[in-house]
2 protein chains.
Amino acid sequence: MDERTALGLLGDRLSAAGDDAAVVDGQVVTTDMLHDRTDFPDGTTRYTAGWRAVGASLSDVAAMGADATAAVAVYAAPAFDESELADFVDGASEVCEAVDAEYVGGDLDHHDEFTVATTALGDADDPVRRSGARPGDAVCVTGTLGRSGAALRLFERGDPADIERANDLFRFEPRVAAGRALAGRATAMMDSSDGLARSLHQLAEASDCGFAVESPLPVDPVVDEVAADADDRLELGAHFGEDFELVCTVPEEALAAVRADLSVELTRVGTVVEREAGSASGRRGEAAETRVTLDGEPLADRGYTH
Amino acid sequence: MDERTALGLLGDRLSAAGDDAAVVDGQVVTTDMLHDRTDFPDGTTRYTAGWRAVGASLSDVAAMGADATAAVAVYAAPAFDESELADFVDGASEVCEAVDAEYVGGDLDHHDEFTVATTALGDADDPVRRSGARPGDAVCVTGTLGRSGAALRLFERGDPADIERANDLFRFEPRVAAGRALAGRATAMMDSSDGLARSLHQLAEASDCGFAVESPLPVDPVVDEVAADADDRLELGAHFGEDFELVCTVPEEALAAVRADLSVELTRVGTVVEREAGSASGRRGEAAETRVTLDGEPLADRGYTH
């Protein structure tokens, strides 16, 4: 059973599951696990690891349009090095400070592989779900895409300057303030942790509609430094993911007011359309593939498999 | 750096850390990680694992005297088997139901070793800390001790009936109701996850006092079935830990009223005394060792190293 099937099974059994975070009595809670081989490439500092791991959970809070309040983490490693642990806590604390939340600690555990489990909490009077997109809404994304994919290439290059830049790119600012500004206005929202393409498909599926997306996408300039060609650029920008931007749908008439309240760029990348985007065929089996189109061509429902 | 030193370092850096759970704006949050080799012996069902992992975090909520509200978990495994995952979710959901909390899901992750990270939330108007014990208070413990240590021996025996009993013993009921009844009355409290001896030392240290404990301790009858001798019985009952009972100090005059509100046995095991329990020496270096005594002899500050 792959992870998507397994998540579907969980969604069937648990009424609160199935969005970026669970909501209980106006409180948002989300948890995540990151570990060495897949999430922290060689060269990732413990400071960056703390920032990024806690930031990933704060991003899920942001994706609900919630106000982030606190985060905790379990730090599991084969051994506890004082400066590594202190760096981790500093990174975790500072990403919380960046979004006016409090890092309140957690626990330590011995584990063969460096593994971090994070949980973030938030308050949401009116959480934004994935399921409210309506035909005619603008499809938007905050910030730029592809930074984490580009960072991975820089980590692979391995020289000290590249590694330092890669660490900088890995320490993203969770879009909590943007999520707050979008709450009550965005009709559907999630974060782009699985990549823009997967996020668009998930929003379209949950909202039972299609998305017609047009280039150019807001791909970060750093991607152009590392991408081999146009296909590779699209791969890093739209499929790799882990950028933790917000992907949302906003009614046309609300767009200007939302933008006025945001301190981050909100790029309109397309329009919500009826179920089968850009396809006149309507044949079964094609529906999922044609749900999201980029410049009229199906955009594959495929992310980076972590 | 060992885990205790590392936890001390965290406590110095984070104001909210250092108790069973962190408290933020009247909300209690606690997180924990359990994994295959150390926490789930061969024979542990996924149902038991879900119950126990989530229960361990609920126990930390109980130890703050808080009302448990919700829990989440990350389930990380080399592969996702549908019935294993469903069993895990059932166990996690049922331990939450047992304490009137809601299991609201979490996340899945691929990991070489079966690893579970759990977080529980609660509400506490007046959280019970570890630091309020005063000389003269009764030292008390809920329920019985040694069940998890005995279960480990039964898992090691390995025949089906033993394994089934071991799984039953591993599925403890978190003492949330007892913690609620003790809130506002207990002067200090924590859970016995590190064993009675370590818990007593930690409470005594945080409260800057000593504990004079007298046998008999409320060791579970199952321990007598598996213990080799009296030393082994004490090892399983007082040091092994993982029983998730509440260890607390209660003013003498409140004891009868507290007991009347509890549906679980609350055994008085001793009395809070001035700093150096049962020792007239007062020499430096002996202080920590003599802080907690059992029948007048120092009770070692030693738990099971997980």
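About 2100 Å² is buried between domain 1 of chain A and domain 2 of chain A, and carbon and sulfur atoms give 57% of this area. Buried area is the accessible area (1.4 Å probe) that two parts lose on being put together, summed over both. The model is predicted: local features need pLDDT of at least 70, side-chain atom pairs count only at pLDDT 80 or more, and totals for chains, interfaces and linings use all residues. Residues are numbered from 1 along each chain as its sequence is written, chains are lettered from A and ligands numbered from 1 in the order in which they are written, and side-chain values use heavy atoms, with hydrogens and water left out.

**The two domains of chain A**

Domain 1 of chain A covers 3–123 and domain 2 covers 138–298; such bounds come from an automatic or database domain assignment. The C-alpha centres of these two domains of chain A are 22 Å apart. Where they touch, 29 residues of domain 1 of chain A are in contact with 22 residues of domain 2 of chain A, contact meaning heavy atoms within 4.5 Å.

Between the two domains of chain A there are 11 residue pairs in polar contact, both residues at pLDDT 80 or more. A polar contact is a pair of N or O atoms within 3.5 Å; within protein, one must be able to donate a hydrogen and the other to accept it, and residues adjacent in sequence count only if both atoms are side-chain atoms. On the side of domain 1 of chain A that touches domain 2, two or more residues each come from helix 3 (46–63), strand 3 (67–77) and helix 4 (82–98) of chain A. Helix 3 of chain A gives the largest share of that side, 11 residues. Helices (H or I, at least four residues) and strands (E, at least two) are DSSP runs, numbered from the N terminus. By class, that side of domain 1 of chain A has 13 nonpolar, 7 polar and 9 charged residues. Here Ala, Val, Leu, Ile, Met, Phe, Trp, Tyr, Cys and Pro count as nonpolar, Asp, Glu, Lys and Arg as charged, and the others, Gly among them, as polar.

The count of salt bridges between the two domains of chain A is 1, where a salt bridge is a side-chain nitrogen of Lys or Arg within 4 Å of a carboxyl oxygen of Asp or Glu. Over all chains, the whole structure has 30 salt bridges. In chain A, Arg52(A) and Glu242(A) form a salt bridge with an N to O distance of 3.5 Å. Arg52(A) lies in helix 3 of chain A and Glu242(A) in the loop between helix 10 (230–240) and strand 9 (246–250), so the pair ties together parts that are 190 residues apart in sequence.

**Chain B against chain A**

Between the chains, 50 residues of chain B are in contact with 50 residues of chain A. The two chains bury about 4400 Å² between them, 66% of it on carbon and sulfur atoms. The interface of chain B and chain A has 0 salt bridges and 8 residue pairs in polar contact, both residues at pLDDT 80 or more. Several elements of chain B supply at least two residues each to the side that touches chain A, among them helix 1 (3–13), strand 2 (27–35) and strand 5 (115–123). Strand 4 of chain B supplies the largest share of that side, 9 residues. By class, the side has 26 nonpolar, 11 polar and 13 charged residues.

The same surface serves both copies, as 100% of the contact residues of chain B recur in chain A.

**Backbone details**

| Peptide bond | Omega |
|---|---|
| Ser215(A) to Pro216(A), cis | near 5° |
| Ser215(B) to Pro216(B), cis | about 0° |

Pro216(A) is in the loop between strand 8 (210–213) and helix 9 (221–226) of chain A. Pro216(B) is in the loop between strand 8 (210–213) and helix 9 (221–226) of chain B. Asp25(B), although not a glycine, has a positive phi of about 50°; Asp25(B) is in the loop between strand 1 and strand 2 of chain B.
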